[in-house]
Amino acid sequence: MTRIYLKTWRGDYLAHPHGNGVLGLSPYPNDACSFHLEYHHHRIAIRTHHHHYVGVNHHKEVYITNHHHSSQLFDIERMPDGKIAFRSDHGTYIGVGPYGEIRAHHCIDQGQLFIQEIPGVYAVPPAAVAYPTAPPPAVVYPTAPPAVVYQAPPAVVYPPAPVVVAPVVVAAPIIEYGGGHHHHHHHHHHLRW
């Protein structure tokens, strides 16, 4: 037995609001919209929230009854997109018309297709519960005053290293005759430690 909502092509839901003999529609899912699909061999009975059953008579009228027999058993026909249709003993399908009238029809079009929604799963997703707001950043990341974290003065942490200047020896200019160009060769001697 599966508890489901049956969403119509209009976006509302099949409902059995008052425990009487009338099936209705609700703009949003609630307890009156929850149905149990009871399996009887290969067929199903549609049990309402009030423990009544959905039936279809040979006048194509959809009604509610206290008990179920063969006229309240349906075949479920599943469409490739996951929607389902309920075919009665009379070969008719439960459907919802453009004005919300609930009747049985001999053919399947959008009015005879229902979307199954599982209460609490595909129903109204509460955003506040699904995505809790993060606590304020001050609580998650407490800021420590920098003076406490870095107490050591830089002079103690980094003692100044002695500065050694490498002397640069400049060789005497070499004069090349004939060319008249003066080439200055600078030799840098690096001190090795």
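User: Which residue in S5 is the bridge partner of Tyr39?
Analyst: Quick caveat: this is a predicted model, where local features need pLDDT of at least 70, side-chain atom pairs count only at pLDDT 80 or more, and totals for chains, interfaces and linings use all residues. Numbering runs from 1 along each chain as its sequence is written, and side-chain values use heavy atoms, with hydrogens and water left out. Strands here are DSSP E runs of at least two residues and helices are H or I runs of at least four, numbered from the N terminus. In S5, Tyr39 is bridged to Ile44.

User: How many bridges join S4 to S5?
Analyst: Two strands count as paired if DSSP finds at least two bridges between them. The number of bridges joining S4 to S5 is five.

User: What stands opposite Ile44 in S8?
Analyst: S5 also pairs with S8, in the antiparallel sense, over two bridges. In that pairing, Ile44 sits across from Phe74.

User: How many of the residues of S5 are buried?
Analyst: Buried means under 20% relative accessible area, exposed over 50%, and partly exposed in between (1.4 Å probe, protein chains only). One side of S5 has Arg43, Ala45 and Arg47 and the other has Ile44 and Ile46, and all are buried. The count is five of five.

User: Is Gln72 buried or exposed?
Analyst: Gln72 lies in the loop between S7 (62–65) and S8 (73–78). Its relative accessibility is 1%, so Gln72 counts as buried.

User: Which side chain makes a polar contact with the side chain of Gln72?
Analyst: A polar contact is a pair of N or O atoms within 3.5 Å; within protein, one must be able to donate a hydrogen and the other to accept it, and residues adjacent in sequence count only if both atoms are side-chain atoms. Contact in general means heavy atoms within 4.5 Å. Not counting residues up to four places away in sequence, Gln72 touches several residues, including Ile44, Ile46 and Val54. Its side-chain polar contact, at 2.6 Å, is with Tyr63.

User: Which residues touch the most other members of the largest nonpolar core?
Analyst: A nonpolar core is a set of buried Ala, Val, Leu, Ile, Met, Phe, Trp, Tyr and Cys residues joined through side-chain atoms within 4.5 Å. Of the 20 residues in the largest one, the answer is Ile46, Val54, Phe86 and Ile94.
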